[in-house]
Structure formats: structure tokens, C-alpha cells
Amino acid sequence: MGNYTSAHKSFIYRSHGGGVMGGLTDFSYLPNHQLGYAIMINSGNFNALMRIQYLVREFQTHHFKSDLAFRPGTPGSAPKIDIKGYYMLINPRIQLTDYLQRITDIQHIWGNDKFVFHSGLFGGGVLTYKAINDHQFASKETGKIKMVKAKDPIAGDVLQADTLLLLRISPIIVFGQLGILGLWICYTAGSIIFGIVWLVNYSKGKPGAIKNRAIILWPVMASLAMIIATIMSSVGAKDPFELLGKPSYASVSLMVFTIAFALTTAMSLSSKFW
């Protein structure tokens, strides 16, 4: 999946996922050479998939001439690059959490015409590449090409960085999404705190200006349902094939509290307008 040492062996891929029962799949292709493969195994052993992937790629590309053009210290003029910016992942490992990964797993790429730096927006280590040309970038440590610019048939211009397929997005979208997420968190926490304070005052005979209990209770219940659903999703993510791919306390709880969130949200809206 884009992890080969030569440009001729830089595969592009659209799919790399797993089934609910532990299966793994990989689909990769070399457009310029009209080569590709689809691998599907009935196992959750990621190392086995990587080994099969390596053997298939070696067999398909063994007759190609290696075009490694860079080793640390290789002289040459620095190419002009235009890949700096923010990127989102478009190849989710687990489709269930893709909606959240598009916000929390934003990647940031920056640098100059000689070196390019790549890290997650919220940290997690910085990778350094040396620009070979305007579409190939080699690891500073090994000299092997580890990131390439590619044309995806669906997404268009993308970056293939090892196993990540990255699509550049506007900073307005990045920070707009984070702002909405922050407002949602503040609203959820605020509704619970306000509801608790109101319930304490109500139990003491001091309900305050708001007399309709439904206006307070339904938003609190909706917020609690969302928090519990998020917790169950995090618990299930530790072993998604077993806890989310089959009926379990995590998957059933996630289903129940997701439905409860939708219903209580609808009730909270109806209590405010009727």
C-alpha cells in the first residue's frame, strides 16, 4: 500500500479494511504498469496480510528496474513542491469511526523546498522527508521513497504516505469542524451541569424561572445518552471484531443509547416549540 522502495513499486490503493468476523482485505494497483491485486483473508492477522502483500508485490514487480534515486547526502537542486497544508484520511481502517477520524485525525504537512515534515494535527511524532522531485518524497533516515503524489480515480489529487491516503482540505474546513466539535462538547457538558443544578434547586422547591421540567430533562437525557454511546464506542474499538461486529454488551449498548439519543433529542426539540 504505497510502501515500496522504488517509484515503480509505489502502489496506490483505495481499500484496506476488515470484516466484522475478523477478515482483512487489501486492493492496490500500479496504474502506469496496468498491474494490481486484490487480497482477502478470513483472519484478523494483520502481519499475515502484510506478508502476503509483500510476496505478491515482489512477484509482480521483480522484473522492474529499481529507480531509487536518493540516498542521504545526494547532491542536487531542490524541486519546487506545493503539498503544504492540511489533509484528511480517506481510507478508514474501521468505517464505523470514519466520521470522527475525519475531524480528529487531520494531518499537517509543512516545510520548504528541501525537506517536508508530516505529523498529525494533535501530535504523535513528526516524519521527515526529502523532496526528490515534485511528486516523490524519500525518508530522511533511509533514503527510500515513502510518500508520493498520486491521482486517485475517485478523490482526485492525493498523497500516498505509507499506508495513509491523504486528501488536502481547506484550513477553514479543518478549524470549522474543530470549532463545531468544541461547541458540541461545551453544549453537552453545559446541559448536564445546568440540568443537575436545576434538579437540585427543584428538589429544594426553587425551580427558578423555568417551570417546564421537560425543557430541562430531555436535553440532559440526550447528552447523557451521547456520552454513554461514545464511551461504549471507545470500549468496542479496543476489539472491534468481537465487541462491535457481534452482539455484545458494547454493541447492544451502543445501539440502545444511539437510538435513545435520537429520541430524546427529538423530545427536547418538541418540548421547546410545543
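Which residue's backbone oxygen lies 3.0 Å from a polar atom of the side chain of Q107? I looked this up first, and it is D105.

**Ground rules**

I am working on a predicted model, where local features need pLDDT of at least 70, side-chain atom pairs count only at pLDDT 80 or more, and totals for chains, interfaces and linings use all residues. Residues are numbered from 1 along each chain as its sequence is written, and side-chain values use heavy atoms, with hydrogens and water left out.

**Q107**

I placed Q107 in strand β5, residues 107-111. Strands here are DSSP runs of E, at least two residues; helices are runs of H or I, at least four; both are numbered from the N terminus. Q107 counts as buried because its relative accessibility is 11%. The cut-offs I used: buried is under 20% relative accessible area, exposed is over 50%, and partly exposed is in between, with a 1.4 Å probe and protein chains only.

I then checked side chain to side chain. Q107 makes a polar contact with H118 at 2.9 Å. A polar contact is a pair of N or O atoms within 3.5 Å; within protein, one must be able to donate a hydrogen and the other to accept it, and residues adjacent in sequence count only if both atoms are side-chain atoms.

I listed the neighbours of Q107, leaving out residues up to four places away in sequence. Among them are Y86, Y87, L89, H118, L164 and L166. Contact means heavy atoms within 4.5 Å. I also took one C-alpha distance: Q107 to F122 is 8.5 Å, for residues 15 apart along the chain.

**N91**

I found N91 in the loop between β4 (85-89) and α2 (98-104). N91 is buried, at a relative accessible area of 12%. A polar atom of the N91 side chain lies 3.3 Å from the backbone nitrogen of L165.

**Whole chain**

I counted six helices and 11 strands in the protein chain. Of its 274 residues, 36% are buried. For contacts between residues at least 6 apart in sequence, 50% join residues at least 24 apart.

**Helix α1**

Which residues of α1 are buried? I noted L49, Q53, R57, Q60 and T61. They sit on the same side of α1, because their arc around the axis is only 75 degrees. That arc is taken from the directions from the helix axis to the C-beta atoms. N47 and F59 are exposed, on the face turned away from the buried side. The cover over the buried residues includes β2 (24-30) and β3 (35-41).

**Cores**

The largest nonpolar core has 12 residues, including I83, Y87, L89, Y129, F137, M147 and L166. The elements giving two or more residues to this core are β4, β7 (123-131) and β10 (156-161). A second, separate core has 10 residues, M88, I106, V158 and V174 among them. A nonpolar core is a set of buried Ala, Val, Leu, Ile, Met, Phe, Trp, Tyr and Cys residues joined through side-chain atoms within 4.5 Å.

**Helix α3**

I marked its buried residues as V174, T188, S191, I192, G195 and W198. At its start, a side-chain oxygen of S170 comes within 3.1 Å of the backbone nitrogen of I172. Just after the helix, G205 takes a positive phi of about 80 degrees.

**Aromatic pairs**

I found four aromatic pairs in the structure. Rings of Phe, Tyr and Trp (its six-membered ring) pair if their centres lie within 6.5 Å; planes under 30 degrees apart are stacked, over 60 edge-to-face, the rest tilted.

Y86 and F175 are edge-to-face, 5.6 Å centre to centre, with 80 degrees between the planes. Y86 is in strand β4 and F175 in helix α3, 89 residues apart. Y86 is buried at 16%, whereas F175 is partly exposed at 46%.

W184 and F261 are also edge-to-face, with centres 6.0 Å apart and planes at 80 degrees. This pair joins helix α3 to helix α6 (residues 249-273) across 77 residues. W184 is partly exposed at 39%. Ring pairs link W184, Y187 and F261 into a cluster.
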